[in-house]
Amino acid sequence: MEFWLTDPDARVLFQQQPSISPSSDNDVLNDVITINENVKYQTIDGFGYTLTGGSAMHLYNLDNTTRARILQELFAVDQNNIGVSYLRLSIGASDLDEAVFSYDDLPTGEVDYNMTRFDLGYDRLYLIPVLKEILAINPTIKLLGSPWSPPIWMKSNKNSIGGTLLAECYDAYALYFVRYIEEMKKEGITIDAITIQNEPLHPGNNPSLLMIAPVQAQFVKQNLGPTFRQHSITTKIIVYDHNADHPDYPITILKDSQAKQYVDGSAFHLYAGPIEALSAVHEQFPDKNLYFTEQWVGAPGNLKGDLVWHVKNLIVGATRNWARNVLEWNLAADSKLEPHTPGGCTLCLGALTIDGNVVASPRNPAYYIIAHAAKFVRPDSIRIDSNVVAGLPNVAFQRLSDQKRIVIVVNDNDSTKKSFQIQCGGKVYDTSLNGGSVGTYLC
């Protein structure tokens, strides 16, 4: 059995350990994780980050050799590379860009309902060149686009912060999404899915927009869905994209059969509410997918605490509650936690800290959190059954390519070492994890 370990107290950071041989007597003790590939759940799309504008800027500003090396480390799967397989992008600026922008910014008082002045503009500086280098390493990486705000001329308050989408701009905004997907396609970049609005119930960020569930349902069924169909856009439409305290938001939309026909699924963050809320949506709409699209690590970061919380609640928790992906927040920032917009996040720790041409080592918590899943649980893997063991949150998958079974286990006790067994393919393996450490096992 192959075994990769992160044990912060022992300063072991995502390192392959000696292989574990099956136990000779096959005796099953008390704490045993049994993998059962006969019970199958959802297909996995991937694991990764948001490639914010700021993240792309820091990567772009590395020299060619350093950038090639770090992109290889992030997106390739061989050797010790971590195999990131899914990225979220902001449609226009997020709060981790150096300035607020959209793809159709106009002088005050002007409108552009037909999107004649649509231009990817700022994204051509850093994001698109970096994405092209990533696609050269992993051409099948899945990309999700999420807007933080429409162009301000479409908004009730003519401001990048808050406001609502004007009714007379619904059609124009649907076309804005179409143009984004088409223009990215011209660059060789396929947008697999979009969410309609990042955190639609948090209008205080910069940029942001308030969009309540009935409005999102109306926009999907009257504008976005039909416009996608009319333009032969196959990009998935994902609703909500906010916290697990309001599963009623996507449920409201999915109860509207006219909206539901256009919707692939719903996306969640976990700054509020329980991760089990995803299952509440799955139980009502088992034909619709679930996604986990954002969780930040707050600076300065605490590897042991962050690793345990994120693996337990997201890598294990979100996938056990039907999520097809798990995305941490920003891929990179500098040591000042910049860039960010005025009013944007000032404490968002990237998976990487990049200052000038230096990528800090060791990497930050989000790097190791994602590595434990992304490298091994490749896209099109299927979550399979494993039992719940007290003190050892775990989740199991089966890879499509070689049928290998993978189990990710975290010892969520801060200090106590736990010995346990993994039962896999008729064999029993003895192993242990120190308090606060994570193991990925392949059998």
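Visitor: What covers the buried residues of helix α1?
Guide: The cover includes β4 (46–50), α2 (64–75), α3 (127–137), β11 (323–330), β12 (332–333) and β13 (352–355), where contact means heavy atoms within 4.5 Å. This is a predicted model, in which local features need pLDDT of at least 70 and side-chain atom pairs count only at pLDDT 80 or more, while totals for chains, interfaces and linings use all residues. Residues are numbered from 1 along each chain as its sequence is written, and side-chain values use heavy atoms, with hydrogens and water left out.

Visitor: Why is α1 called largely enclosed?
Guide: Buried means under 20% relative accessible area, exposed means over 50%, and partly exposed is in between (1.4 Å probe, protein chains only). Seven of the eight residues of α1 (53–60) count as buried, so the rest of the structure largely encloses this helix. Those residues are Gly53, Gly54, Ser55, Ala56, Met57, His58 and Leu59.

Visitor: What makes β5 "mostly covered"?
Guide: Six of the six residues in β5 (86–91) are buried. Tyr86, Arg88 and Ser90 point one way, while Leu87, Leu89 and Ile91 point the other way.

Visitor: How do you know which strands pair with β5, and in what direction they run?
Guide: Two strands pair if DSSP finds at least two bridges between them. Three bridges join β4 to β5, and six join β5 to β6 (142–147), so both pairs pass that cut-off. β4 and β5 run parallel, as do β5 and β6. For example, Gly48 stands opposite Tyr86, and Leu87 has Leu143 in β6 as its bridge partner.

Visitor: Why are β2 and β19 said to stand at the edges of their sheet?
Guide: That open sheet has nine strands in the order β2-β1-β20-β17-β16-β15-β3-β18-β19, with mixed pairing. β2 (12–17) and β19 (427–433) each have a single partner strand, so one side of each is left without a neighbour in the sheet. Neighbouring strands of this sheet are turned by 25° against each other on average, direction ignored.

Visitor: Which helix packs on this sheet, and at what angle to β16?
Guide: Helix α9 (303–320) does, and its direction makes about 55° with that of β16. The axes behind such angles are lines fitted to C-alpha atoms, for helices over the stretch in contact, and angles run from 0 to 180 degrees between N-to-C directions. Among the strands that α9 touches are β1, β2 and β20 (438–442).

Visitor: What makes β1 and β2 a pair?
Guide: Four bridges join β1 (2–7) to β2, and the two run antiparallel.

Visitor: Is Arg11 buried or exposed?
Guide: Exposed: its relative accessible area is 71%, and its place is the loop between β1 and β2. Leu13, in strand β2, counts as partly exposed at 22%. Leaving aside neighbours within four places in sequence, Leu13 is in contact with Leu5, Thr6, Leu303, Pro362 and Tyr368.

Visitor: How do you know where domain 1 and domain 2 lie?
Guide: The bounds come from an automatic or database domain assignment. Domain 1 is 2–41 + 387–442, and domain 2 is 46–378. Their centres, taken over C-alpha atoms, are separated by 31 Å, and the contact takes 28 residues from domain 1 and 23 residues from domain 2.

Visitor: How much area is buried between the two domains?
Guide: About 2200 Å², with 77% of that given by carbon and sulfur atoms. Buried area is the accessible area (1.4 Å probe) that two parts lose on being put together, summed over both.
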